[in-house]
Amino acid sequence: MVAISGEMKEEPFSLIQMLFVWFLRLMATVALFSGLSYWAQLTGLGAADLPRFDELPVHWQVPWVVLAVLLPCAAMGLWMLTSWGIVLWVIASFIEIGVYGVWSESYISRPAVVVGHAAALTLLALILVTMAIQRYRERLH
């Protein structure tokens, strides 16, 4: 909102800002379901191809617990359009890229998850750069 002669005037969202909001809401939904899948694994309701959580090696338990907590928190922050939600989601994305891509020989190889995160992070970067350029141009005029 902008104050003009004592009145508050609300500026309309640009197309890129609307895209940013919808992108964050979509990523919030994905993060919530991903977090719930980690909770399902922790509580024993998860995939039958993995052993129970207490039987997993410690190097599996740590990222599973971290992601089970981080992803629902990130989803809440993304849905509310907060900067900390974006930060938590980016951290969780890098953890999953590390687990399923970089160190896949110690965990499980899931190239679709790695590619999905890389695409989503690239799109986030493009949207943020476009919004920064748009704000810069508005300041010049």
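Where is the place of Leu81? In this predicted model, Leu81 sits in the loop between helix H2 (58-79) and helix H3 (83-102). Its backbone stands out. Phi of Leu81 is near 60 degrees, a positive value in a residue other than glycine. Most residues other than glycine have a negative phi. Leu81 has a relative accessible area of 36% and is therefore partly exposed, since buried requires under 20% and exposed over 50%.

Thr82 is found in the loop between H2 and H3 as well. Thr82 has a relative accessibility of 18%, so this residue counts as buried. The side chain of Thr82 makes a polar contact with the side chain of Trp84, at 3.4 Å.

The packing of H1 and H4 was examined next. Two packed helices are described by the angle between their axes and the distance between the axes. Helix H1 spans residues 15-43 and helix H4 spans residues 111-140. The two pack at an angle of about 155 degrees, and their axes are 10 Å apart. Angles over 145 degrees count as roughly antiparallel, so H1 and H4 are roughly antiparallel to each other. The crossing of H1 and H4 is left-handed.

On the H1 side, the contact is made by Ile16, Leu19, Phe20, Phe23 and Met27. H4 contributes Ala120, Leu123, Leu124, Ile127, Leu128, Thr130, Met131 and Gln134. By class, the residues of the contact of H1 with H4 divide into eleven nonpolar and two polar, with no charged residue.

Notes: Residues numbered from 1 in each chain as written. Predicted model: local features only at pLDDT ≥ 70, side-chain atom pairs only at ≥ 80, totals over all residues. Heavy atoms only, no water. Helix = DSSP H or I, 4+ residues; strand = E, 2+ residues; numbered from the N terminus. Buried < 20%, exposed > 50% of the residue type's maximum accessible area, 1.4 Å probe, protein only. Axes fitted to C-alpha atoms, helices over the stretch in contact; angles between N-to-C directions. Parallel < 35°, antiparallel > 145°, perpendicular 65-115°, else oblique. Left-handed = near helix turned anticlockwise from the far one by under 90°. Contact = heavy atoms within 4.5 Å. Nonpolar A, V, L, I, M, F, W, Y, C, P; charged D, E, K, R; others polar. Polar contact = N/O pair within 3.5 Å; in protein donor to acceptor, adjacent residues only side chain to side chain.
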